[in-house]
Amino acid sequence: MRNCSLISSTYRRGSSQVGSVGVLGPTRLDYEGAIALVAAAAEYLSEAFSYLNPS
């Protein structure tokens, strides 16, 4: 794990954090691309959760 990096972000439902999404890869990871990917995935999940009816 010493040679690995983790890029993560949270996703939300309204103002509540409901989970995390991330990428684990080598330290020579394409950080710009990985950060954009993780941010887009978190945004997509937040949007998807916004359509769910409250329980």
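Helices (H or I, at least four residues) and strands (E, at least two) are DSSP runs, numbered from the N terminus. Leu 24, for example, lies in strand 2, residues 16–26. The structure described here is a predicted model, in which local features need pLDDT of at least 70 and side-chain atom pairs count only at pLDDT 80 or more, while totals for chains, interfaces and linings use all residues. Residues are numbered from 1 along each chain as its sequence is written, and side-chain values use heavy atoms, with hydrogens and water left out.

**The surface patch**

Met 1, Leu 6 and Leu 24 make a nonpolar surface patch of about 390 Å². Patches are made of residues with over 30% relative accessible area and no salt bridge; nonpolar side chains (Val, Leu, Ile, Met, Phe, Trp, Tyr) are joined within 5 Å, and like charges within 9 Å. A salt bridge is a side-chain nitrogen of Lys or Arg within 4 Å of a carboxyl oxygen of Asp or Glu. The accessible areas come from the Shrake-Rupley method with a 1.4 Å probe, and for residues only the protein chains shown count as cover.

Leu 6 is found in strand 1. Leu 6 counts as exposed because its relative accessibility is 61%; exposed means over 50% relative accessible area, buried under 20%, and partly exposed in between (1.4 Å probe, protein chains only). Leu 24 is also exposed, with a relative accessible area of 52%. Beyond its neighbours within four places in sequence, Leu 24 is in contact (heavy atoms within 4.5 Å) with Met 1, Cys 4, Ser 5 and Leu 6.

**Ser 5 in strand 1**

Ser 5 has its place in strand 1, which covers residues 4–13. With a relative accessibility of 14%, Ser 5 counts as buried. Its side chain makes a polar contact of 2.7 Å with the side chain of Tyr 31. A polar contact is a pair of N or O atoms within 3.5 Å; within protein, one must be able to donate a hydrogen and the other to accept it, and residues adjacent in sequence count only if both atoms are side-chain atoms. Leaving aside neighbours within four places in sequence, the residues in contact with Ser 5 are Val 23, Leu 24, Gly 25, Pro 26, Thr 27 and Tyr 31.

Glu 43 counts as exposed at 52% relative accessibility. Ala 42, in contrast, is buried at 5%, and Ser 46 is buried at 18%.

Leaving aside neighbours within four places in sequence, Ala 42 is in contact with Ser 9, Thr 10, Tyr 11 and Val 21.

Tyr 11 is buried, with a relative accessible area of 15%, whereas Phe 49 is partly exposed at 25%.

**Separation in sequence and in space**

The table sets separation along the chain beside the C-alpha to C-alpha distance.

| Residues | Apart in sequence | C-alpha to C-alpha |
|---|---|---|
| Glu 43 and Thr 10 | 33 residues | 8.8 Å |
| Ala 42 and Thr 10 | 32 residues | 6.2 Å |
| Leu 24 and Met 1 | 23 residues | 9.6 Å |
| Ser 5 and Val 23 | 18 residues | 8.2 Å |
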